[in-house]
Amino acid sequence: MKQLMEMVFQAEFVASVIRITAPILFAALGAVIAEKAGLTNMGLEGMMMIAALFGTLTSYWTQSWAVGVLCALLVGMLLSLMVGFFSLKLKTDIILAGIAVNMLGGGGTIFLLYMFTGMRGNTGSLVSQNILIPTLEIPLIKDIPVLGEILSGHSLLTYLAFLFVFLLWVLLYKTPLGLNIRAVGENNHAAESVGIKVRRIQYIALAFSGALAGLGGAFMSMYYSQGWNSGMVAGRGFIALAAQAMGRGEPVGTLLSSLLFGLAQALRTKASALPDISTYLVSVIPYVATVLGLVFYAAATVRRVKKARRPKEEAEEK
Amino acid sequence: MPQSEYVVQMKGINKVYPNGIAANRGVDFNVRRGEIHALMGENGAGKSTLMKMLFGLEQPTSGEIIVNGETVNLTSPTVAISKGIGMVHQHFMLVPSLTVAENIVLGMAPKKGGLFMDMESAVKLTEEYAEKYNLHVDPKAKVMDIPVGMKQKVEILKALVRGAKILILDEPTAVLTTQETAELFRELINLKEQGYTIIFISHKLNEIKQITDRLTIMRAGKSMGVYETASITKEEISRLMVGRDVILTVEKEKAQPTDTVLSVKDLEYTNEWNKKMLDKVSFSVRKGEILGIAGVEGNGQRELVDMLFNLNRPDAGSVKVNGKDIVGVSQRNIRSLGVSLIPEDRMTYGIAATASIEENLISDRVGAKRFNKGPLFDMKAIHKECDDLIRDFKVLCKSGQQKVGMLSGGNIQKVVVAREFSCDPVLIIADQPTRGIDVGATEFIRKKLVELSRAGAAVLLVSADLNEVMELSDSLIVMCGGKIAAYFEDTAMLTDEIMGEYMLGLKRQSDEEIGRVCHE
């Protein structure tokens, strides 16, 4: 325990929380924008998997990390639009369409990897330093003790993830598109009655959602794991959905809940390095945290609803 | 082209729905520029259909619509809006978590810097219009936090901001309190003075007399004429609105009512908009009689039926069936007391559309011994009973295995009726039992109701169809504004005229007279 405490109170640990949070945050923001348009993007996990693979492959083929990231983004977007096509146009259940993408992500990627490269299960030998996402040393800040260690030296995409919290907030609350997205998600009849093209807005929201999941995938394979392997995303797409719900579907709230899940993941990584503790036991930490988080969230919601209802009932009695 | 006297002309409008129901039959409707014009009629008279066509939500089967002297083809609300027509729906089209200003500019939000929303000018725009038309709203408040009256103003502003010169208001006062209604009327008169034309759908006589210039009355899909509001009396309006085209007669022996089966006492209910829907409603239904409940829809009938089958809980009062209180008792237990229900909304409460006819028919009796062999169904017994019911109730279908949802409205209702009438009911609650179904099925169901009541069942018949309720009932109560307005022990002497006056609230019997409906 003492050892664990020592590890936790180090700048390096805090930096790892930030690093680990980034992919969850990408996907969670993707969940936020879809949910704002009234759609549950269940397929985030699969989108991350597939985008991660294509990110690595294209970066290898072109020997450019930037092209890889861009490709991952596009693949995520396309998959998400595909889910939209199935659910909005062909009227399948959007949850089922999402689950289909997840299954495609689990099995299809291994097949695709073998087809393209003949490799089984991971891309270890393809990866070289120049096709990984570069890290960024922030001038001035990097020289500040402790803070420099925490904030500087992350990958470009890590900073981007946190920047997107702000960008998404601006999009949702400061642009006409965001207004339309929120209106469509809440009362699409009202939106339709003033001439908003509901279907189009939903496709746009899904495209953003998929693009964000794609970036999350690229982060995983092109930075975090330094290559693609089949167990790499490990439920982050689902954790992201939980983070969205816990963050009440708002960008900033989702940032906080993503950080919480990031912390749990980081704890697991640290604790599994300790002797005397079963690594299997430790590896459940993030998932237990997810469940607990959702329980607390649900309890808080129930209490809030009750509170909101009470004054109304009192008014009725009068 | 010279400016015509009329801003809207609808000529010879026919609307026939795919299921064969004619909602509008050769309707002419003209509105003068700058007037408040009432469109009156009972529910189902076709006034909403007519207005939906004017707002482009539906298209006429035949007929011509002329707006500002120009023949128009209104294919969608967007087209109607571009012609200067705006509509305030009865159910508001607002997004609750957005602010008032955001709702008003939705779909046409002002921009700044090419990308961002210009919230300031949205708020300014809202304030400007609010000021100009004297429709005071708080632009920055969220719609979910504002009262109903203000939501309505937001809807009106929404239409005005989009350039509407002709406003259609669909029963705007239905959800408003008295003060809010008075305020709305001041605002509407203000709009009229600024040159706007207002079409006001309502069936409340006092309101119509108060603010409209002219009125068009509709009945059974036809226009009953246009009148100057000042030169027509409330009684005349009521006679034109309420009335029967064909008097139908049902042969029935005189009722010989005996013991009280259903007894309702002082039922009260206030809905979520703080509107009192049931106000001390008391009555009883006896064995062997049909008690009818007449009234314009929305006067508490639906709420009353909900209470009788525990689909909702009253705030106060009691409901007893053969002496047993049934408030809060499960539907299954209510049924086991011998109560059956023909619900108004048959697709939701009457049947399961994707299940078979057979499954629907036995859904209230799956536990019966005769249908079960150990843990399994006795399919033979089920088939037999269902085939008998299908034959007895003349359900037109290929087989009992057919999905109910595939049948016509009349046959769906026959399935409901077959189930509800074949369980030896002591009390039958029939809520709009023949609405929207064909003549054959209607006649069949009416005959069955009379038959069962003469055989000793107590029948409560709720119907907006005046023909039905007057001819079928032995005695009758009229509901108006959540209260019982009148009780007629014998329906034989009743005329449409008398009914109309009570239904529209022109008259009300004394408490003593109404009290006679409670038989102990």
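**A walk through chains A and B**

Let's start in chain A, where helix H8(A) packs against helix H10 (residues 198-224) at an angle of about 110 degrees, the axes lying 10 Å apart. Helices here, like strands, are DSSP runs numbered from the N terminus (H or I, at least four residues, for helices; E, at least two, for strands). The axes are lines fitted to C-alpha atoms over the stretch in contact, and angles run from 0 to 180 degrees between N-to-C directions. H8(A) and H10(A) are therefore roughly perpendicular, a label for angles of 65 to 115 degrees, with under 35 being roughly parallel, over 145 roughly antiparallel and the rest oblique.

H8(A) brings A:Asn180, A:Ile181 and A:Val184 to this contact, while H10(A) brings A:Val198, A:Ile201, A:Gln202 and A:Ala205. Contact means that C-beta atoms, placed from the backbone, lie within 7 Å. By class, that makes five nonpolar residues, two polar and no charged. Ala, Val, Leu, Ile, Met, Phe, Trp, Tyr, Cys and Pro count as nonpolar, Asp, Glu, Lys and Arg as charged, and the others, Gly among them, as polar.

A word on what you're looking at: this is a predicted model, where local features need pLDDT of at least 70 and side-chain atom pairs count only at 80 or more, though totals for chains, interfaces and linings use all residues. Residues are numbered from 1 along each chain as its sequence is written, and chains are lettered from A and ligands numbered from 1 in the order in which they are written. Chain A averages a pLDDT (the predictor's confidence in each residue, from 0 to 100) of 88, and 95% of its residues score at least 70. Over residues 309-318 of chain A, though, pLDDT stays under 50.

Now for where the chains meet: 16 residues of chain A touch 18 residues of chain B. On chain A's side, H8 (176-186) and H9 (188-193) each give two or more residues. H8(A) gives the most, with five.

Over in chain B, there are 18 helices and 24 strands, and 44% of the 520 residues count as buried. Buried means 20 or more other C-beta atoms within 10 Å of a residue's own, exposed means 12 or fewer, and partly exposed is in between, with C-beta atoms placed from the backbone.

B:Ser463 is buried, because 23 other C-beta atoms lie within 10 Å. Not counting residues up to four places away in sequence, B:Ser463 touches B:Gly292, B:Gln432, B:Glu468 and B:Val469.

Notes:
Two residues are in contact if their C-beta atoms, placed from the backbone, lie within 7 Å.
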